[in-house]
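Here is a short note to read with the structure open beside you. Take the points one at a time and find each place as you go.

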Amino acid sequence: MLRPAALGLLLACAASFGGSATVLEDGVPVGWARAAGTVAQLPTRGETVTPDPWNLPNRASLYRLLIGATDPFMGSMGPNATESPLWGLSLQLGWMATSGRLADPTRSTTCGLNTGDTTCISTESWWACVNYFVSVLPFLSASQQGFMGPGVQVQMEKPEGVEEFCTAYADCAARYPDAMSKWDAFFQGLKAANQSPQSDKEKKDSILGLYWAAQMASLDASAACKARQSHYPSKEVTFANSWMSTAGYVAAARFHSSLGKSAPFISPLPSLVLNDTVVLSSEELHTLNTFSWLKVMNFILGGRLMHLWEAAMCTVETREKGREMLEELLLNPSFPTNTLISLISEMRKGC
């Protein structure tokens with residue numbers, strides 16, 4: 001095993017220039033081909049399904065199985081097979097893996113590094129910890145709601161010596177009741193939408209509302225991961241915090257995080273863990289500056305920017321406009337950010 005100092009030097013030399021993040025392989029999320037396509041392909045112990053969420057193919061399997069199991073209920077999302085909002089989470093996991101954010105940030109092991117086990121997800125990674133709440137919790141909820149088959153019991157494996165992660169539905173529901181109840185509501189809402197007389201447009205908006213409520217509840221629960229940020233350089237911590245803050249804007253607009261719509265938002269994210277030696281591409285720099293601007297402006301305004309945005313996202317129509325504005329803000333470097341508040345105020349007139 002390499003000494004930590006040698007490992008740090010190796011990474012600094014090999015990973016000093018950023019670029020577009022790799023999020024797709026052959027048109028699907030990175031790691032998709034190695035993920036299980038059926039529940040029967042997951043590890044089992046007796047009659048219980050026992051995925052290991054600290055193994056990258058196993059965690060990717062949770063998303064592939066969730067997408068496959070819920071697709072029959074996603075007709076209102078659009079005509080393609082890649083319209084489920086769950087695709088965004090699968091792409092996000094792939095970005096975290098290829099950018100080195102699932103590796104051991106303490107350098108005490110080679111977990112997740114190219115010099116070690118590349119399928120290993122480190123329990124010390126803040127990113128992996130946050131992602132646990134938006135992968136394991138929804139999978140356990142979906143299983144409880146019967147999406148993985150009648151009577152399927154799931155018990156997540158846990159690494160030796162690590163006790164703080166819930167591993168079964170009852171355990172997670174007891175520790176994080178708000179997050180689990182909102183995931184339950186999302187999966188129940190999918191079933192109810194199939195029987196609803198609403199238009200597809202109304203169903204889509206309702207499903208996305210339930211989905212983002214659940215995802216934000218999971219992100220709130222992931223506050224339990226906070227101590228792991230101490231393992232990272234200050235630049236990475238600043239980015240991580242602004243990334244979390246931006247999720248509130250995306251959620252309020254009920255962004256349709258399909259495969260096609262999510263990839264352009266995720267590929268400009270930093271392709272490496274940030275430190276003083278990383279040189280960012282223009283796309284990465286624009287993304288970081290936008291995230292930072294949103295967070296700083298909201299702080300300067302005493303939370304008013306987020307409040308105005310959430311208040312403006314009050315109807316199906318204003319949420320559609322909000323999604324268009326987010327695309328402009330995050331993907332168009334020439335978007336005049338100084339006009340944002342006036343644009344949001346104008347949108348509120350529709351409420």
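**Notes on a pocket, a patch and a sheet**

1. Let us start with helix 11, which gives seven residues to the lining of the second largest pocket, the largest share. Please keep in mind that this is a predicted model.

2. How much space lies in the second largest pocket? The value is about 250 Å³. Helix 9 (234–252) and helix 11 are the elements that give two or more residues to its lining.

3. Now look at the residues around that space. The lining of the second largest pocket has 15 residues, and those nearest the centre are Lys235, Thr238, Phe239, Leu288 and Ser292.

4. Stay with helix 11, which covers residues 282–300 and includes Val296. Together with Phe299 and Ile300, Val296 makes a nonpolar surface patch of about 360 Å². Is Val296 buried, partly exposed or exposed? Val296 counts as partly exposed because its relative accessible area is 41%, which falls between the cut-offs of 20% and 50%.

5. Next, turn to the strands. Strands of a sheet pair through backbone hydrogen bonds, in either a parallel or an antiparallel way. In this model, three strands form an open sheet with mixed pairing, in the order 3-4-5. Strand 3 (44–45) and strand 5 (153–154) are its edge strands, and each pairs on one side only.

6. Finally, zoom in on one pair. Strand 3 and strand 4 (residues 48–49) are joined by two bridges in the antiparallel sense. Which residue in strand 4 is the bridge partner of Arg45? That partner is Thr48.

Notes: Residues are numbered from 1 along each chain as its sequence is written. This is a predicted model: local features need pLDDT of at least 70, side-chain atom pairs count only at pLDDT 80 or more; totals for chains, interfaces and linings use all residues. Side-chain values use heavy atoms; hydrogens and water are left out. Two strands pair if DSSP finds at least two bridges between them. Helices (H or I, at least four residues) and strands (E, at least two) are DSSP runs, numbered from the N terminus. Patches are made of residues with over 30% relative accessible area and no salt bridge: like charges are joined within 9 Å, nonpolar side chains (Val, Leu, Ile, Met, Phe, Trp, Tyr) within 5 Å. Accessible areas come from the Shrake-Rupley method with a 1.4 Å probe; for residues, only the protein chains shown count as cover. A salt bridge is a side-chain nitrogen of Lys or Arg within 4 Å of a carboxyl oxygen of Asp or Glu. Buried means under 20% relative accessible area, exposed over 50%, partly exposed in between (1.4 Å probe, protein chains only). On a 1 Å grid over the protein atoms alone, a cavity is a set of points where a 1.4 Å probe fits but cannot get out, and a pocket is an open set with protein on both sides within 12 Å along at least five of seven lines; lining residues have an atom within 4 Å of a point. Grid points are joined across faces, edges and corners, and a volume is the space filled by probe spheres set on the points.
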